[in-house]
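The exercises that follow ask for a careful reading of one model, and each task is followed by a solution that goes step by step. Please keep the sequence and the coordinates open while working through them.

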Amino acid sequence: MAGMPLTAPPPTRPIRPRVLYFGTPVAVLSTLNADGSTNLTPMSSVWALADRLVLGLGDDSQGCINLLARREVVINLPDPAQQLAVERLAPTTGRWPVPDDKAAMGYRHEPDKFALAGWQALPATQVRPLRAAECPLQIEARLLAAHACPPGTGDAPGVQILEVEVLQVHAHEAILRPGGHHIDTSRWSPLLYVFRHYFGTGLQLGRNFRAET
Ligand SMILES: Cc1cc2nc3c(=O)[nH]c(=O)nc-3n(C[C@H](O)[C@H](O)[C@H](O)COP(=O)(O)O)c2cc1C
């Protein structure tokens with residue numbers, strides 16, 4: 001009969017994981033500080049649909065404060081070769097003074113995140129925050145809507161779910177298929193963040209029936 005398992009299903013048990021980062025691309029957000037400089041925020045709670053991106057940010061991060069206040073962002077997408085640069089940014093914040101709870105987790109203030117990452121800052125075309133030149137994909141966007149989620153139980157922080165509209169996409173020419181607007185997936189793949197561990201992607205398994213290349 002349809003749906004009848006041939007073997008016993010794998011056993012499961014309820015768990016309470018501290019994070020549910022089951023695997024999303026790392027992005028590094030450029031946002032505008034109050035003094036006009038650009039802050040970089042490594043993050044991974046991001047997805048895209050049509051010309052919208054949805055970002056999840058802790059409301060104690062400088063990136064979140066900047067995006068809510070000045071409503072512009074560049075979503076820079078590194079590739080797996082940039083894992084060490086991302087991890088150099090990881091224990092830092094643009095916040096000053098560093099909030100007590102972030103300091104207790106080991107974060108320190110870093111005013112020049114481009115220098116720390118070893119990345120060049122490039123002007124964007126539609127927004128004020130600077131792009132990270134070394135990231136092969138850079139997406140300029142503006143904030144459309146913000147949904148505040150208050151702190152949860154235990155040490156769960158307050159978060160903002162932020163909807164942004166894509167204004168401009170920049171790609172390194174080296175990752176583009178000749179003459180077109182398609183990304184050559186043999187030349188670019190995301191850096192993935194899986195339960196706080198970094199991964200690249202493995203071998204290609206196949207293609208969707210609507211893939212154009
Ligand atoms: C790979 C990676 C993924 C992260 N993902 C997120 C995320 O999705 N949302 C978030 O708020 N913080 C995330 N963080 C933590 C922020 O980077 C951290 O809070 C940082 O201090 C923010 O910097 P800022 O305060 O200068 O914005 C992530 C960190 C790393 C290294």
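**Exercise 1.** In which strand is the place of glutamine 160? Determine also whether this residue is buried or exposed, and list its contacts.

*Solution.* The model is predicted, so that local features need pLDDT of at least 70 and side-chain atom pairs count only at pLDDT 80 or more, while totals for chains, interfaces and linings use all residues. Residues are numbered from 1 along each chain as its sequence is written, and side-chain values use heavy atoms, with hydrogens and water left out.

Step 1: glutamine 160 has its place in strand E12, where helices (H or I, at least four residues) and strands (E, at least two) are DSSP runs numbered from the N terminus.

Step 2: the relative accessible area of glutamine 160 is 11%, and the residue is therefore buried; the classes are buried under 20%, exposed over 50% and partly exposed in between, for a 1.4 Å probe and protein chains only.

Step 3: with residues up to four places away in sequence not counted, glutamine 160 touches Leu55, Gly56, Leu57, Asp59, Cys64, Leu68, Ala146, His147 and Ala148, contact being defined as heavy atoms within 4.5 Å.

**Exercise 2.** Trace the salt bridges around glutamate 163, and state which residues are linked in a network with it.

*Solution.* Step 1: a salt bridge is a side-chain nitrogen of Lys or Arg within 4 Å of a carboxyl oxygen of Asp or Glu, and a search of the whole structure finds 5 of them.

Step 2: the side chains of arginine 52 and glutamate 163 meet in such a bridge, at 2.8 Å from N to O. Because arginine 52 lies in strand E5 and glutamate 163 in strand E12, the pair ties together parts that are 111 residues apart in sequence.

Step 3: arginine 52 also forms a salt bridge with aspartate 51, the closest N and O atoms being 3.4 Å apart, and so Asp51, Arg52 and Glu163 are linked in a network.

Step 4: the three residues are partly exposed, with relative accessibilities of 26% for glutamate 163, 31% for arginine 52 and 33% for aspartate 51.

Step 5: for comparison, arginine 187 and aspartate 184 form a salt bridge with closest N and O atoms 2.9 Å apart; here arginine 187 is exposed at 54%, whereas aspartate 184 is buried at 11%.

**Exercise 3.** Which residues have the most contacts inside the largest nonpolar core, and which element gives the most to it?

*Solution.* Step 1: a nonpolar core is a set of buried Ala, Val, Leu, Ile, Met, Phe, Trp, Tyr and Cys residues joined through side-chain atoms within 4.5 Å. The largest has 21 residues, and Leu55, Ile75 and Val164 are those with the most contacts inside it.

Step 2: two or more residues come from each of E2, strand E5 (52-58), helix H1 (62-70), strand E6 (72-77), strand E11 (137-149) and strand E12 (159-171), and E11 gives the most, with 4 residues.

Step 3: apart from this core lies another, of 14 residues, including Val86, Phe114, Leu116 and Cys135.

**Exercise 4.** Describe how strands E2 and E3 pair, and say how many residues stand between them in the hairpin.

*Solution.* Step 1: two strands pair if DSSP finds at least two bridges between them; strand E2 (residues 27-32) and E3 pair in the antiparallel sense over 6 bridges, with serine 30 opposite leucine 40 in E3.

Step 2: the hairpin has 5 residues between its strands, and glycine 36 in the turn has a positive phi of about 95 degrees.

Step 3: strand E3 (residues 38-43) is largely enclosed by the rest of the structure, because 5 of its 6 residues are buried.

**Exercise 5.** How many aromatic pairs does the structure hold?

*Solution.* Step 1: rings of Phe, Tyr and Trp (its six-membered ring) pair if their centres lie within 6.5 Å, and planes under 30 degrees apart count as stacked, over 60 as edge-to-face and the rest as tilted. The structure holds 2 aromatic pairs.

Step 2: the rings of tyrosine 193 and tyrosine 198 have centres 5.4 Å apart and planes at 45 degrees, so this pair is tilted.

Step 3: tyrosine 193 is buried at 18%, tyrosine 198 is partly exposed at 23%, and Tyr21, Tyr193 and Tyr198 form one aromatic cluster.
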